Amino acid sequence: MTDVQSTMAPQSTQRRKPIKWRLIGDHAILIAGSLLMLLPVLMVLTTSSYDNVTIHKEGIQFLFGDQLVENYQQALFEKGGFTKTVDGARMLMNSLILGFGFAVGKIVISMMAAYAIVYFRFRFGTVAFWVIFTTLLLPLEVRILPSYEVVQSLGMLNSFSGLIIPLIASATGTFYFRQFFRSVPEELLEAARIDGAGPLKFFVDILVPLSQTMIAAMFIIMFVFGWNQYLWPTLMTTDESMFTLVRGIKQIMQVWIGANIPDYGLAMALAIIAMTPPVAIVIFFQSWFVKGLTESDK
Amino acid sequence: MKRVQFSRPLFPYLLLVPQLSIILIFFYWPAAEAIRSSFYLEDPFGFSSTFVGFDNYHDAVTGSEYGNIAHFTLVFTGLVAFFSLSLALLLAAKADAVIRGAKSYRIFLMWVYAVAPPVAGLMGILLFDQSLGPLTQLAEFFGWDLRLGVNYWDTATAMIVISVWKQVPINFIFFLAGLQSIPRSVREAAIIDDPSSVSRFFSITFPLLAPTAFFLLIINITYALFDTFGVIDIVLKGEPGNNPITLVYKVFLDGFRGNDLGGSSAQSVILMVLVLILTVFQFRFMERRVHYS
């Protein structure tokens with residue numbers, strides 16, 4: 001509608017004023033909204049550059065202090081926790097493994113399954129379809145205790161496979177790729193078959209290259225999802241050297257309780273470190289990410 | 001599916017093996033286990049269990065706290081969904097209307113999507129902190145003595161504010177995409193018919209957005225029920241005391257702290273049924289949407 005307004009505006013100078021006021025109102029609302037999103041994080045960022053005593057005495061700070069490097073160094077490299085075996089860098093590494101492992105595993109497995117479901121005629125095809133898509137109905141949170149017991153009985157506690165694989169047990173990725181494969185023109189398969197391409201060749205040489213944008217979008221969404229997992233890693237990992245950053249947040253809270261002056265600077269620095277990689281990915285690959293998110297619900 | 005398909009005897013099964021085996025082991029087995037153990041009473045050491053029928057369900061639902069927690073979950077879910085949807089809709093409508101700075105606004109309004117709920121929770125308890133939190137000071141300015149972790153509804157307020165903040169971006173992204181998919185011809189015709197922007201929004205734009213809004217409503221309900229776990233756990237510092245908790249948090253407490261396997265499973269199954277109803281509702285609606293559009 002803005003296009004029409006801007007072409008209508010020059011016709012009369014009298015009409016320009018109310019439109020302008022509305023535009024100012026629109027911008028005011030958007031600026032207020034942006035500040036609402038931005039300010040809490042900015043406050044935590046600036047306050048994370050002070051020492052604990054200053055924060056404790058003077059509260060949240062709005063300008064940068066002189067402890068920035070010290071606090072982040074402490075958060076990244078000083079061994080913390082109860083057993084003094086884990087530092088921020090280790091947790092960062094674990095988070096990266098979880099995010100990458102989950103995203104790659106989920107994409108590979110769901111692309112294979114979606115390919116089988118869309119492109120092959122075989123017995124039990126419909127059964128497989130329903131077995132897979134029923135998992136869309138129940139999130140991990142409602143079957144958390146038995147999932148824990150299954151992983152425990154398989155001896156997978158405190159391992160990356162135990163952390164990643166149960167999270168993959170849902171059909172979201174398969175669903176997205178199924179939708180996408182169905183939108184690929186049929187003529188491609190016909191042409192490939194006339195040229196004598198088998199199913200493997202068609203998949204590797206035609207379908208995967210065609211899906212590049214979709215794969216990129218899925219990767220961003222799944223990486224952020226894996227990185228931000230909290231409940232599952234909290235249950236699964238008791239060994240501190242397996243903690244992820246998001247899991248480490250809880251540990252910091254528990255060290256806090258009973259402390260005279262809590263480690264505010266350290267906690268805030270860790271919060272900033274924990275949000276930086278996923279936020280950076282979402283901002284840099286914004287257009288892919290939005291496309292993947294909004295086109296997948298159809 | 002496709003008109004032209006491959007028919008190979010073995011290949012599709014090989015493709016499906018990884019997905020199916022993961023789902024069977026880590027989805028169907030635990031789900032079946034949850035249903036089974038909801039009918040059994042296990043002794044605290046896990047040596048024996050006796051079949052008790054629907055006793056666990058009966059005990060769970062009639063427990064003194066369950067009603068209160070279910071009530072709070074309902075209020076919490078309603079408020080989080082309402083505020084995050086309406087705030088996001090307002091911002092998306094404005095972001096769709098402006099031209100200058102549109103790209104920057106879009107980034108500023110959506111990046112919080114990538115912040116993990118517990119990280120948002122940690123920032124929240126700092127901002128609502130009794131002595132150093134600016135939001136506590138703001139509340140005090142209006143004569144509200146906000147005590148996080150002490151007063152039931154004050155804690156609830158903090159939980160709701162943090163959860164809404166975390167959820168606005170995703171709603172914003174979907175609403176903006178929905179608004180931008182409305183054809184220009186429709187918009188222009190609407191401007192000619194109805195010059196008032198507010199009434200035009202409610203009579204034309206909003207009905208066109210209804211499918212997006214409904215889809216988002218379900219997403220928001222599931223978010224408030226399940227994904228807010230991280231926010232709640234951090235705000236409570238793992239010690240609920242007499243603070244508000246949601247149904248999912250109670251499943252976690254009873255199962256992992258209280259070691260009440262049967263009770264926790266029964267509550268899980270109740271939640272499963274709830275989610276199932278929601279999802280069926282959503283699928284039916286989406287099917288209809290496909291038919292009429």
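Axes are taken as lines fitted to C-alpha atoms, for helices over the stretch in contact, and angles run from 0 to 180 degrees between N-to-C directions. The model described here is predicted.

In chain B, the axes of helix α5 (residues 117-127) and helix α7 (residues 152-180) come within 10 Å and cross at roughly 130°. The two helices α5(B) and α7(B) are therefore oblique to each other, and their crossing is right-handed. From α5(B), the residues B:P117, B:A120, B:G121 and B:G124 meet B:A158, B:I162, B:W165 and B:K166 of α7(B). Five nonpolar residues, two polar residues and one charged residue make up the contact of α5(B) with α7(B).

Helix α7 of chain B also has an axis within 10 Å of that of helix α9 (residues 197-227) of chain B, with a crossing angle of roughly 160°. Because angles over 145 degrees count as roughly antiparallel, α7(B) is roughly antiparallel to α9(B). The crossing of α7(B) with α9(B) is right-handed. On the α7(B) side the contact is made by B:S163, B:Q167, B:N171, B:F174, B:F175, B:G178 and B:L179, and on the α9(B) side by B:L209, B:T212, B:L216, B:N220, B:Y223 and B:A224. By class, seven of the residues in the contact of α7(B) with α9(B) are nonpolar and six are polar, with no charged residues.

Between the chains, the contact takes 79 residues from chain A and 78 residues from chain B. On the side of chain B that touches chain A, helix α1 (residues 11-37) of chain B gives the most, with 17 residues. That side of chain B divides into 57 nonpolar, twelve polar and nine charged residues.

Terms used. Residues numbered from 1 in each chain as written. Chains lettered and ligands numbered in written order. Predicted model: local features only at pLDDT ≥ 70, side-chain atom pairs only at ≥ 80, totals over all residues. Contact = placed C-beta atoms within 7 Å. Helix = DSSP H or I, 4+ residues; strand = E, 2+ residues; numbered from the N terminus. Nonpolar A, V, L, I, M, F, W, Y, C, P; charged D, E, K, R; others polar. Parallel < 35°, antiparallel > 145°, perpendicular 65-115°, else oblique. Left-handed = near helix turned anticlockwise from the far one by under 90°.
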